Amino acid sequence: MAKGYWVSVYRTIADPEKLAAYDKLAGPAVNAAGGRLLSRGSRVAAHDAGIAERTVLIEFDSFEQAVAAHASAAYQEALAVLADGVERDFRIIEGLD
């Protein structure tokens with residue numbers, strides 16, 4: 001079964017306090033849903049139209065698990081705290097195998 005991934009690239013961080021509050025809730029929500037943090041805020045080399053800002057990569061055992069984690073009540077609570085604190089490109093993608 002192909003793995004699922006959350007890929008989140010932050011275009012701007014307007015409110016670092018909201019982001020910090022989100023992080024406190026999102027981490028446990030992701031862990032509870034079976035997600036594994038692979039990268040967060042590490043070095044970025046952006047090319048073409050890329051943005052060298054905070055990038056997060058989280059792995060799940062399946063695409064379906066990744067989708068369900070995003071829909072979970074715990075993660076939705078974290079999103080409510082984040083609100084308009086950031087502008088980001090968030091995607092859930094399926095791995096190759």
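The following legends describe close-up views of a predicted model.

The model is predicted, and local features require pLDDT of at least 70, side-chain atom pairs count only at pLDDT 80 or more, and totals for chains, interfaces and linings use all residues. Residues are numbered from 1 along each chain as its sequence is written, and side-chain values use heavy atoms, with hydrogens and water left out.

View 1. The strands follow the order 2-3-1-4 with antiparallel pairing. Strands (E, at least two residues) and helices (H or I, at least four) are DSSP runs numbered from the N terminus, and two strands pair if DSSP finds at least two bridges between them. Strand 2 (36-40) and strand 4 (86-94) are the edge strands; each has a single partner strand, so one side of each lacks a neighbour in the sheet. From one strand to the next, the twist averages 15°; axes are lines fitted to C-alpha atoms, for helices over the stretch in contact, and angles run from 0 to 180 degrees between N-to-C directions. Four bridges join strand 2 to strand 3 (residues 55-60) in the antiparallel sense.

**View 2. Helices on the sheet.** Helix 1 (residues 16-32) lies across strand 1 (4-13), strand 3 and strand 4, and runs at about 170° to strand 1. Helix 3 (residues 73-82) also packs on the sheet, where it touches strand 1 and strand 4, and its direction makes about 155° with that of strand 4. Contact here means heavy atoms within 4.5 Å.

View 3. R88, a residue of strand 4, is buried yet has no salt bridge. Buried denotes under 20% relative accessible area, exposed over 50%, and partly exposed the range in between (1.4 Å probe, protein chains only); a salt bridge is a side-chain nitrogen of Lys or Arg within 4 Å of a carboxyl oxygen of Asp or Glu. The nearest side chain of opposite charge to R88 is D23, 7.5 Å away, where Lys and Arg count as positive and Asp and Glu as negative, while His and the chain ends are not counted. The R88 side chain makes polar contacts with the side chains of Y10 at 3.2 Å and Y22 at 3.3 Å. A polar contact is a pair of N or O atoms within 3.5 Å; within protein, one must be able to donate a hydrogen and the other to accept it, and residues adjacent in sequence count only if both atoms are side-chain atoms. Not counting residues up to four places away in sequence, R88 touches residues including V9, Y75, L79 and L82.

**View 4. The D23–R54 salt bridge.** The side chains of D23 and R54 meet in a salt bridge (3.0 Å, N to O). D23 belongs to helix 1 and R54 to the loop between strand 2 and strand 3, so the pair ties together parts that are 31 residues apart in sequence. D23 is partly exposed at 25% relative accessibility, whereas R54 is buried at 16%.

**View 5. The network around R36.** K3, R36, E59 and D61 are linked in a network of salt bridges. R36 stands opposite E59 in strand 3. In the salt bridge between D61 and R36, the closest N and O atoms are 2.9 Å apart. D61 lies in the loop between strand 3 and helix 2 (63-71) and R36 in strand 2, so this pair ties together parts that are 25 residues apart in sequence. D61 is partly exposed, with a relative accessible area of 44%, and R36 is partly exposed at 31%.
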